[in-house]
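Here is a quick tour for anyone meeting this protein model for the first time. Have a look at the sequence and the structure, then read on.

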Amino acid sequence: MIAIAIPTATMAQTAQGIGLKAGLNYNANGDYFESISNNAQNPDRNVGYHIGLFGKIGNKVYFRPEVIYTSTKSDYNDDSFEMQKLDAPLLVGMKVLGPLSVFGGPSLQYILDSEFDGIAINDVESDFSVGLNFGIGLNFKKLGIDLRYERGFSDNEATFLGNNGINTNRLDTRPDQLILSLSLLL
């Protein structure tokens, strides 16, 4: 992450700038739209947060690398799956009309810690995975807001054993996310 952050910050300072961002994310493990309908009665069950840095290079067409700490939570009946990770989206965007822009690109993810109902998970297939981000943003001088969707390119599963190894369950640790962010260009 340091190898990405330092060159990104250096390049961003010479072109457009660097900034801070933070916001909320609504995540789901498995089918995203099925998860939304299942959680309609308790919409706060799968809400997490993120905070990080971004760089912006260019104006009409731009490159926006980010380094973000993300904390997610997914509730399953009486159990909860929590994960902390570092995300590094590498986004390319384009202004389309006034302050409105569209963007997309790959997102690198490194899992720092994960826990299911108080039990640490060490059996995730891979701590590193790649996904896709795309969305829309509104930028008013130094202040911005964006809404994006994130999806993993492949499953990254963890296996849980039940009582005496009789029941096994799988959980995809690369969730779909709807991400709302506020950003401030410094």
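Eight bridges join strand β8 to strand β11 (residues 176-185), and the two run antiparallel. Strands here are DSSP runs of E with at least two residues, helices are runs of H or I with at least four, and both are numbered from the N terminus. Two strands count as paired if DSSP finds at least two bridges between them. In this pairing, Asp146 sits opposite Ser181 in β11.

β8 (residues 143-152) also pairs with β7 (residues 128-140), again antiparallel, through ten bridges. Here Leu138 faces Ile145 in β8. β7 and β8 make a hairpin with two residues between them, and Lys141 in the turn has a positive phi of about 55°.

A word on ground rules: this is a predicted model, so local features need pLDDT of at least 70 and side-chain atom pairs count only at pLDDT 80 or more, while totals for chains, interfaces and linings use all residues. Residues are numbered from 1 along each chain as its sequence is written, and side-chain values use heavy atoms, with hydrogens and water left out.

Now for Lys21, which belongs to strand β1 (residues 17-28). Is Lys21 buried or exposed? Lys21 is buried because its relative accessible area is 2%, and buried means under 20% (over 50% is exposed, in between is partly exposed; 1.4 Å probe, protein chains only). Setting aside neighbours within four places in sequence, Lys21 is in contact with residues including Phe54, Arg64, Asp146 and Arg148; contact means heavy atoms within 4.5 Å. Leu53 lies 32 residues from Lys21 in sequence, yet their C-alpha atoms are 6.0 Å apart.

| Side chain | Partner side chain | Distance |
|---|---|---|
| Lys21 | Glu66 | 3.3 Å |
| Lys21 | Ser181 | 3.3 Å |

Stepping back, the chain has two helices and eleven strands, in the order α-β-α-β-β-β-β-β-β-β-β-β-β. Of its 186 residues, 43% count as buried. Among contacts between residues at least 6 apart in sequence, 63% link residues at least 24 apart.

Terms used. Polar contact = N/O pair within 3.5 Å; in protein donor to acceptor, adjacent residues only side chain to side chain.
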